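Student: Could you take me through one residue of this model up close, and then zoom out to the chain around it? I'd like the cut-offs spelled out along the way.

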Amino acid sequence: MIKQMPFLLLASFLLLSCAGEGEGSSSSLPPEEDFVPALLTPSGAPTVAFLDMGDREEWDVESQTTRIPAAFLAPGYDAIVFDGVNGLRNLVKNENEDFVLARWLTGGNFHLVSRTEESLVPGEKKTVFSFNEGALPDLVFKHLLAEELGIDVVDLSIEYGSGVQEVATALQGKGERSYDYYFIAEPALTAARNALGEESPVHEIYDLRAEWEKATGSPAIPQAALFLRKSAYEEEQEGFLSFLERVDRNLTLAIEDPEEAAGLMEDYSEDPALQQGRWGYSASTLREVQEENGLGAILPGEIEDGREFVNSFLQELEGEGASLFGESLFL
């Protein structure tokens, strides 16, 4: 399918050029089992669902996540990975009936850490450096602080950087100033820890996903989701079902056998720089981060009803006035 999105052409060309340098060989699977739709994803944690697709020309990775929503409104991509809640809201807002949410991929890879503190105590005036003000992880963090820890957000002076990499830089002491706490995501946290070394420990204060499960019983926070174009799915249903099975296998492998999962990346290339360019992290980082499922992959079957999962989340976070999603938005 011809891509008709000019702002992605250069990024796609560069990524596919890198893929061409990979060492993986073409698949010998039957065509229907080797089917990969025209796929667009952000870089980073959500790519854990595509570990065996490094050499696939159908797959484009976009480092500027804010560009992805436009893909829902244009021809070109039949599978798109994006923030699940905001993706659904965009479909509703634009009355877009040609995409459905098919899988929740990640369910929380956010952490509050510190180099100087070992806990978070109510009433103390402390500073926090974070990112993505008003995004769901930020809202969940503030909700849990107030409802579960009894901490008034006004006691925390929260500043926001341009993104998670800026937080990682500050955590390493390379920013303009230091903070008591840092709100950060994996795999940037592991990379920062490795850069600091054992002599400069980073204390885990708060695992957002674990605390949300403790508070609500839900095993995950709605994060990255895979959306499929309905018209394409209906035309090539067997291929899409096979593709979804591959996604499920990759997620399962990343959680249950990180060593073998990392091997899939190395089948594409042994070069960490090429792995980084393709997935947003290297095979060695995957091995380390996934010892405790740091990327936040959701185990297939863990969420029985994708619609109920996100609607319950919104009701917990926003109360009775939450706008809920209808069945037609889900595969």
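Tutor: Helices here are DSSP runs of H or I with at least four residues, strands are runs of E with at least two, and both are numbered from the N terminus. Before going on: this is a predicted model, where local features need pLDDT of at least 70, side-chain atom pairs count only at pLDDT 80 or more, and totals for chains, interfaces and linings use all residues. Residues are numbered from 1 along each chain as its sequence is written, and side-chain values use heavy atoms, with hydrogens and water left out.

Back to Ala-261: its relative accessible area is 0%, so it counts as buried (under 20% is buried, over 50% exposed, partly exposed in between, with a 1.4 Å probe and protein chains only). Setting aside residues up to four places away in sequence, Ala-261 touches Leu-51, Leu-253, Ala-254 and Leu-286, where contact means heavy atoms within 4.5 Å. As for Gly-163, it is 98 residues from Ala-261 in sequence and 27 Å away in space, C-alpha to C-alpha.

For contrast, look at Glu-95, in the loop between helix H2 (84-93) and strand S4 (99-104). Glu-95 has a relative accessible area of 68%, so it is exposed. From Glu-95 to Phe-141 you go 46 residues in sequence and 31 Å in space, again C-alpha to C-alpha.

Now zoom out. The protein chain has twelve helices and ten strands. Its radius of gyration is 20 Å, close to the 20 Å from the globule rule for 331 residues, so the chain is as compact as a globular protein of that length; the radius is taken over C-alpha atoms, and the rule is 2.2 Å times the number of residues to the power 0.38. Buried residues account for 51% of the 331. Take the contacts between residues at least 6 apart in sequence: 76% of them join residues at least 24 apart.

Inside, the largest nonpolar core has 63 residues, and Leu-88, Trp-104, Leu-112 and Leu-208 have the most contacts within it. Such a core is a set of buried Ala, Val, Leu, Ile, Met, Phe, Trp, Tyr and Cys residues joined through side-chain atoms within 4.5 Å. Beyond its neighbours within four places in sequence, Leu-88 has contacts that include Leu-101, Trp-104 and Phe-227. A second, separate core has 39 residues, among them Trp-59, Ala-232, Val-289 and Ala-297.
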